[in-house]
Amino acid sequence: MDTNKSFKRKVITKLGNKLNKILSKTIKRRKEKPNTETPVQIPSSLPPVQQIPSSPLPPTDSTMSDKHHRTSPFCFPRGQSTVLPDPSRFFSPNLLSSPLPTNSFFQNYCLNNGTQPEYIHPYLIKSSLTSLSISSPSRYHTPAFIYQTFTADLTISSTSNPSQTHQISSYHDLSITLDLPPSLRFYLVRGSPYVTFTTLAGPTDLSFSTVHAILSLTPNDSCTKYTLTMNSGQTFIIYSSSPLNLEQSNNSLLTAKGFSGFVRIAVLPDPSYEQVLDQFSSCYPVSGEASMNRPFCIEYNWVKKGWGELLLLAHPLHLKLLSDDSSVTVLDGFKYRSIDGDLVGVVGDSWVLKADPISPTWHSMKGVSEDGYDEITSALRKDVESLKSNPITTASSYFYGKAIARAARFALIGEEIGCKDVIPTIQQFLKSSITPWLDGTFNGNGFLYDKKWGGLVTRMGVADSGADFGFGVYNDHHYHLGYFLYAIAVLAKIDPSWGRKYMPQAYAMAADFLTLTKKLGATYARLRCFDMWKLHSWAGGLTEFADGRNQESTSEAINAYYSAALLGLSYGDTHLAAVGSTLMAFETRAAQTWWHVREGEGLYEEEFAKENRVVGVLWNNKRDSGLWFAPPEWRECRLGIQLLPLLPVSEVVFEDVGFVKDLVQWTLPALERDGVGEGWKGFVYALEGIYDKSTALEKIRGLKEQG
């Protein structure tokens, strides 16, 4: 089976390369109408980086898709929120003039008091505003959840007139610089086995305290390395650029007077690692950025100081995707434990990650058997007919988005099976349903622009943080907008004139979570939801959580990027199609890695892996079998929330037939419970059809209609 998959991927890649020239010529011609044909393959390469637009917004110069028609970027009406927090307390003033991150790995540092910890692999790091605490977390697990516990193993502070707050002086995809004014600056780089800080204001008095008892403190001859052992069984190594001259004040406190330079702190999980930590202790990263210059590739580059080579840690998905283009050395025997799996040492200041290409097709990838056309046509006509008598009644941006996306899916099904006479009805339904959200005439809700953080909010959400599932505080943006983009992409495909008219609004919605730039003057935050280090998206928004950001539905995240790719196809925008497809591919691999649970794989503790086949909610610092809306026992909901909406790309997400069978068999007993919804049963049967079509079809035919 693996050989067949490999062969299929090679064929797809070769096909993409052959079609590259054809597509390039097509794009140069810049057809006036959006593409109405089933797409073949996105180009296998993007233009050089300097030619790639920095965001999916339509550019205003001659490089836009139609050089004869200039379009100013559209902005929804300005909204004044009463529920959003003020970012000015924690961000450096020079950062406030640009859009700010709202689902980042460091979000807790700029919410409420800024004192909740964040998991910056491999450490939990907590600011108390005047000090910074490092925890090498222990892990607790049951059959229902896994989480890491914070203990202040080592707390660093300066006694030199500390201010009463920390400040984020810079941030990047792979790092954050956190200052404790006026004396200390911490370079918190994801995947660094060291926590590094420097002094800012000349000689500074330092304090290192712990909640444990110090058993021993051993310096080297130059006092630039100290080995610290504690009664917790932990050993930390403290490196410095000049003599630190630590003194032990009591059994839990160390001090250093008048130090100037940089300090690096690393936990020693295994005595054999000390030589490696020594070797790379003099080269430290101060920032790290990720870039997408080619489809299905993400490149990491770190800015470093000191001397020697850079040592970092890679999580399991990094290791799977590390390309031969990367000039790195993997230290297989150097590992730190993590809730995401073992973190393995990698030496090198530039990595290239490559995901298997996934084509953003409008129609099913494997095709539909003509034997089923009549049955599908009958069901489709019935569903389309119901659109006439069942207008959308909700004002919720989430449920409204799902309703229009459902109707749009009908159009593509009709197109694929040759039942095109239903499309005019669907077209009219979509036009009348979508347009009011784009022109501001929808009664009861609508999109607004928030200048404070730089993004979209809703009319209902500006005064109620719980409205629209927290959209007004930047929760679930990719979910809601993904459904809208899907419907818009389909309508633009079947109604090109409507598509041209509302292209600016469509691009503004896409830009909310797909903007790539971080430059001054940007309208939206960079990649609002997608985490370039974890390689999947986060929800949560501007709500403080003890376990960091979270994401429940990977399939809705995949839908967001898939829909953006379709939007690019509708408008002949290869850049947007490539960006959407690339993020879709990485999100898919992340879902398969961390949300799909395989017994015996070793990623999670066996106690948890034996009881679960999918994670309910994945947090930065926790794995939970429960859902936001359902307990762990409702397994059909857990399966369904990782599958909906059913799309062509679902075939790739659930390509492992063995896993699918285990997942369905794990879920089926839950369907015997009273009150299980027919819709949730349908998702289970849909997956069952991957390996047992006849049985699944029989069950699907037996489903009862629900109003």
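Rings of Phe, Tyr and Trp (for Trp, its six-membered ring) are taken to pair if their centres lie within 6.5 Å, with planes under 30 degrees apart counted as stacked, over 60 as edge-to-face and the rest as tilted. The structure holds 44 such aromatic pairs. The model is predicted, so that local features need pLDDT of at least 70 and side-chain atom pairs count only at pLDDT 80 or more, while totals for chains, interfaces and linings use all residues. Residues are numbered from 1 along each chain as its sequence is written, and side-chain values use heavy atoms, with hydrogens and water left out.

In one of the aromatic pairs, the ring centres of F76 and F447 are 5.9 Å apart and the planes stand at 65°, so this pair is edge-to-face. F76 lies in the loop between α1 (2-29) and β1 (118-120), and F447 in strand β24 (residues 447-450); the contact therefore ties together parts that are 371 residues apart in sequence. Helices (H or I, at least four residues) and strands (E, at least two) are DSSP runs, numbered from the N terminus. F76 is buried, with a relative accessible area of 4%, and F447 is buried, with a value of 2%. Buried denotes under 20% relative accessible area, exposed over 50% and partly exposed in between (1.4 Å probe, protein chains only). F105 and F106 also form an edge-to-face pair, with ring centres 5.1 Å apart and planes at 85°; F105 and F106 are both buried.

The charged end of R264 sits over the ring of Y194, 3.8 Å from its centre. R598 lies over the face of F659, at 4.5 Å from the ring centre.

Strand β9 (residues 184-189) has 5 of its 6 residues buried, and is therefore largely enclosed by the rest of the structure. Strands are treated as paired if DSSP finds at least two bridges between them. Strand β8 (residues 175-180) pairs with β9 in the antiparallel sense over 6 bridges, and L178 stands opposite F186 in β9. A hairpin with 3 residues joins β8 to β9. Pairing between β9 and strand β10 (residues 195-199) is likewise antiparallel, over 4 bridges, with L184 opposite T199 in β10. The hairpin of β9 and β10 has 5 residues between the strands, and G191 there takes a positive phi near 80°.

Terms used
Lys NZ or Arg CZ within 6 Å of the ring centre and 35° of its normal.
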